[in-house]
Amino acid sequence: MKVAFFSTHSYDREYFDRFNDNERHQITYFEAPLNNNTTNLTNGFDAVCIFVNDKLHDEAIGKINT
């Protein structure tokens, strides 16, 4: 599964990579938050992950390609 992580820091990457057994998932990390201006970065991904402090509004959700 191709997964896009937004608003990530180095410590986030360290733990997600550690628990990605046998590289089961193809993970791409973005430091930028997911918002109206960055939804194009979700193209081609099966899943999108944001973090608890992010504010994702309906308009941005509607722009994510599924």
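Biologist: What makes Tyr-11, Tyr-15 and Phe-19 a nonpolar surface patch?

Modeller: This is a predicted model, so local features need pLDDT of at least 70. A patch takes residues with over 30% relative accessible area, and nonpolar side chains are joined within 5 Å. Tyr-11, Tyr-15 and Phe-19 make such a patch, of about 390 Å². Tyr-11 sits in helix α1.

Biologist: Helix α1 also holds Glu-14 and Arg-18. Why is their contact called a salt bridge?

Modeller: The cut-off is 4 Å between a side-chain nitrogen of Lys or Arg and a carboxyl oxygen of Asp or Glu. For Glu-14 and Arg-18 the N to O value is 3.1 Å. That is within 4 Å, so the name applies. The two residues are four apart in the helix, about one turn.

Biologist: Are Glu-14 and Arg-18 buried, exposed or partly exposed?

Modeller: Buried means under 20%, exposed over 50%, and partly exposed lies in between. Glu-14 has 43%. Arg-18 has 48%. Both values fall in between, so both residues count as partly exposed.

Biologist: How many salt bridges does the structure hold?

Modeller: Three. One of them joins Glu-31 and Arg-13, with the closest N and O atoms 3.4 Å apart. This pair links distant parts of the chain, 18 residues apart. Glu-31 is in the loop between β2 (26-29) and β3 (47-49), while Arg-13 is in helix α1 (residues 10-18).

Biologist: Why is Glu-31 called exposed, and Arg-13 partly exposed?

Modeller: Glu-31 has a relative accessible area of 62%. That is over 50%, so Glu-31 is exposed. Arg-13 has 21%. That is not under 20%, so Arg-13 is partly exposed rather than buried.

Biologist: What makes Lys-63 and Glu-59 a salt bridge?

Modeller: Their N to O value is 4.0 Å, and the cut-off is within 4 Å. The pair is therefore counted as a salt bridge. Lys-63 and Glu-59 are separated by about one helical turn, because they are four residues apart in helix α2 (residues 58-63). Lys-63 has 37% relative accessible area, which makes this residue partly exposed.

Biologist: Now the strands. How do you know that β1 and β2 pair?

Modeller: Pairing needs at least two bridges. Strand β1 (residues 2-5) and β2 have four, in the parallel sense. So the two strands pair. In one of the bridges, Val-3 has Ile-27 in β2 as its partner.

Biologist: What makes β2 and β3 edge strands?

Modeller: The open sheet has three strands in the order β2-β1-β3, with parallel pairing. β2 and β3 each pair on one side only, and that puts them at the edges. From one strand to the next, the twist averages 20 degrees.

Biologist: Thr-38 lies in the loop between β2 and β3. Why is Thr-38 called buried?

Modeller: Thr-38 has a relative accessible area of 12%. That is under 20%, so Thr-38 is buried. Leaving out residues up to four places away in sequence, Thr-38 touches Phe-6, Ala-32 and Pro-33.

Methods
Residues numbered from 1 in each chain as written. Predicted model: local features only at pLDDT ≥ 70, side-chain atom pairs only at ≥ 80, totals over all residues. Heavy atoms only, no water. Buried < 20%, exposed > 50% of the residue type's maximum accessible area, 1.4 Å probe, protein only. Axes fitted to C-alpha atoms, helices over the stretch in contact; angles between N-to-C directions. Contact = heavy atoms within 4.5 Å. Patch = residues over 30% accessible without salt bridge, like charges linked within 9 Å, V, L, I, M, F, W, Y side chains within 5 Å. Areas by Shrake-Rupley, 256 points an atom, 1.4 Å probe, with all protein chains shown as cover.
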